[in-house]
Amino acid sequence: MLRVLILEDEPADAELIQRALRRAGISFNARVTKSRREFSSALARFQPQVILADFKLPGFNGMAALDLARARAPEIPFIFVSGAISEHKAIASLSQGAADYIFKNNLSRLGPAVRRVLAEAETRRQKSDAEKSLRESEEKYRTLVAESPDGIFIADLQGNFISVNPAMCSGLGYNETELLAMKIWDIVPERYRSQHEQRLAALLEGKARNEAAEYLVRTRDGRERFVAILSAPYYKDRTLAGFLGIARDITEKMEMETRLRASEEFHRTLIETSPDAIVTVDGGGRITFASHKALDLFAVPGGSDVLGVSVLDYVDPADATRVRDRLVEILSGSSLPEIREYRLRRWDKRPFWAEITSAPLHDNAGRNTGLLLVCRDVSERRRIEIALRESEAKYRLIAENTVETISLLDLSLRFTYVSPSILKLRGYTAEESLNQDLGQVLTPESLARIQQIFAEEMAFEVSGGADPQRSRSLELEEYHKDGSIVWVENSISFLRNPQGNAISFLMVSKDISERKQAEIALRRSEEKFRKIFEEHAAVKLLLDPVSGAIIDANQAAENFYGWTREELKRMTIGQINTLTPEKLQAELKRAREEGRVFFQFRHRLADGSIRDVEVFSSRIQIEGSDFLHSIIHDISDRKRAETALRHNENLLSKIFDILPIGLWLADASGRLMRSNETGRRIWGAEPMVGPEEYGVFKARRLPGAEEIAPEDWALAHTIRDKATVTDEMLEIDAFDGKKKVILNYTAPVLDETGRLEAAVIVNLDITARQQAEELLRASLHEKEVLLQEIHHRVKNNLQIVSSLLTLQAGHAATKSVEEMFRESQDRIRSIALVHESLYKSHNLAEITFDDYLRVLVDNLVNSHFAAAGRVAVQYQMERILLTIETAIPLGLIVNELVSNSLKHAFPGGRHGQIRVQLHGRDKERFVGVKTKSGTLYRVPTCELTVADDGVGLPAGFELAKQESLGMQILSMLARQLNGELTVRGGPGTEWRMIIPAHPLKAKAHEAKT
């Protein structure tokens, strides 16, 4: 039984805490204390398993109690149960060792919290036991190493001894301090040093893993001894840190054989504890040994035997040939062991990538007898490596082959990356550029400008309202390595981490020096040639009809194309026209042959933009030479308007298709031509019919519900009379068999002359809205009725309360005032509980009586402190709905019966049980209520039983002769419910009542009286 120590100065609160534990089904012994002295004594003598403490007590507080408990018994869970502790202090208490905190107004959490902290304490105890076992195991290991007759050592990757046991020291004649200051080759003769270093390298590279090797070592006195050293990689935190060696003197043959057997046993231990899967196979490739890690790696089910199975069964078919050939190479001695990766598969055929180290196994004669295979799953590593290589390759391909220069700057404006194309842009290599700051890259004016831009962008970033995908474009002057100035167009944006925070600036730069020079030249030439062709508003070009060279251009051409006249004269029409050279030559030939030709082209302007133009070209002669005189009109706006028109038509079509209302289009003859998805869904089909077939649509106009004739459809009126119909409510028979209510609209589409071009039909499905309106009307009516009923019920219930108080007053002389008020309080609470159940439910007409009974009886038991903890309640109830008129009297009856049992059935601290049963009767019975015509109501009934195993009824007890208030109330309420109340005595007492369950819903049946 659980021992609970309670620190609480309020007896009532201590009782509530214990009651909450009982309700949670916890069996316990409690010790209640309210001072430091009592609490300290209980900790030592009571030895609690859990502590429940208030936070504030006179002269003592919960935090002091927590400190005391932590000092004396830190393993005991400590839970604060308080109504005064703040959320802040409660959380702070957890950090100081409290297991949980419970507010007194929410004691329902106490039981689960106690169970949880006890479970956590048990887990901590088990963990402590495990740690103790681990320490004992480590101590055994240290004892084993210290007492081992073999020399055991650990050396790091540089060959330095980092651990040696006593046997190692005594065997070599050095003390531990001397050996730990030495390297492995300090004890190996110089002539064997190279051999040992190769062996060490092979071991650490995995080529000689877990193999015993013979060495000559020199002891401190200069003697040379043969030793067998079993070596294995030494890992620290799963990282290769060196190697572990076990050395045995094999100078004498018998000792060598003995140590060999020990070495083999140790070798097997290392295999089984290795983090890698280890498998041995014979010369035929059949498995002769598999470590536990190998069985796990290949997902071999428990109890399955893999010995004798071909190792190729665990190789993916795609790599089977490679593995087979590799096995043959190693067994034949034609290839040295090395680490390779293969595709393998598990027991259930799931493939995976593995890294395999293979080495031959030899017999005593040195013949190859099989292979040792060490496998490691590298599927995840390989997937990451492939993804990384692909990502790096794509990035490198883009960054290193783009014409533009790509740079990354951190938020302090220091370069962190510059693409190789910087060499072409500024003459510096990427490495040189990384070591430059912005002051070495930009002219002072450009530096000030970009610093301002960066400051603005950071301010936008801090504001939180800026577009995270924004970018800025600006033109800057940068220094070339040769001292010249390069004009660069830069596009600047942020790079962000996965959380969306800016971490650096991305800058893409492009050399625009030539364009800038052209712009400067253009501005200079505009002043010189501004008078040329000023009287000609049209754009004109004079072309060579064969080569397409621009011979001359007017001011309008300069204004339109953006090049100066001199620049244009150095160009050909092929540099302006976007046609391919072949197509352009064909058009020039056409102009030469036809004389006067009209074209539509796309011309490229100096700023790189493309404009749509109409060209009227005619052949002229000047001083005997043929030229083409071209007049160019910009029609880009017209083209854009045409494009916008097509876009708008497409947009309207999209809107038509996705609108959530049904749309139909009919032509001028009334034939349906098109509908959207909603229209088809409303009607369940898309019949494209004309007026003569409108009969396929079936519908009725509401509210009259008259059928619509084919010629009377709104669309027919629109086609015939150009009429507009709105808000026509119809009930339709959709083609999928469903009936729906829709609003129907039709309107004509007329041209400028008023002639009918088409008609539009709009259907709005309001079926759900109609149903909702009907439900709303029904709900409003129900609420009006219920409101009247509530007024009636409240009046009746107040009358019941008044009658109960009147009856109680008649018995005032026989009872104490406190007892009378408590009994009256219980009766009124049973009435209030009915109303509480009603307004908490969705059904204001009935309550679930079995749920009501549970709450009522539990409250009665808990309110009788003398019975709390001694009297248990057993429920056997069906789910039954009762009206409030039945529930209130029946609840008062249960109140009287249970209260009577709690007061009289268990005297002298006796323990017992109260049983409450509620069941529907299988058969109906007649209730004695007649109408004026003599009709009896035939209704289903339910049976209520309240019984106890107490001392029973007094001898000679007769219900009819009882004059107590409780018995009078029982008899009166039983008559009110038209019920039958019976009582059976000893042993215990059983009250049984049969009542009509649903008198308001009963059907009237004629019955003989």
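Two strands pair if DSSP finds at least two bridges between them; strands (E, at least two residues) and helices (H or I, at least four) are DSSP runs numbered from the N terminus. This is a predicted model, in which local features need pLDDT of at least 70, side-chain atom pairs count only at pLDDT 80 or more, and totals for chains, interfaces and linings use all residues. Residues are numbered from 1 along each chain as its sequence is written, and side-chain values use heavy atoms, with hydrogens and water left out.

Select Thr-982 to begin; its bridge partner is Arg-992 in S43. Strand S43 (residues 989-996) pairs with S42 in the antiparallel sense, over 6 bridges.

Next, display the whole sheet. Its 5 strands follow the order S36-S38-S41-S43-S42, forming an open sheet with mixed pairing. At the edges lie S36 (871-877) and S42 (980-985), each pairing on one side only.

H26 (residues 849-863) lies across S36, S38 (912-920) and S41 (941-948), and runs at about 175° to S36. Angles run from 0 to 180 degrees between N-to-C directions, with axes fitted to C-alpha atoms, for helices over the stretch in contact. Helix H27 (residues 884-904) packs on the sheet, touching S36, S38, S41 and S43.

Finally, select Leu-890. Leaving aside neighbours within four places in sequence, Leu-890 is in contact (heavy atoms within 4.5 Å) with Phe-849, Leu-882, Leu-944, Leu-977, Met-993 and Ile-995.
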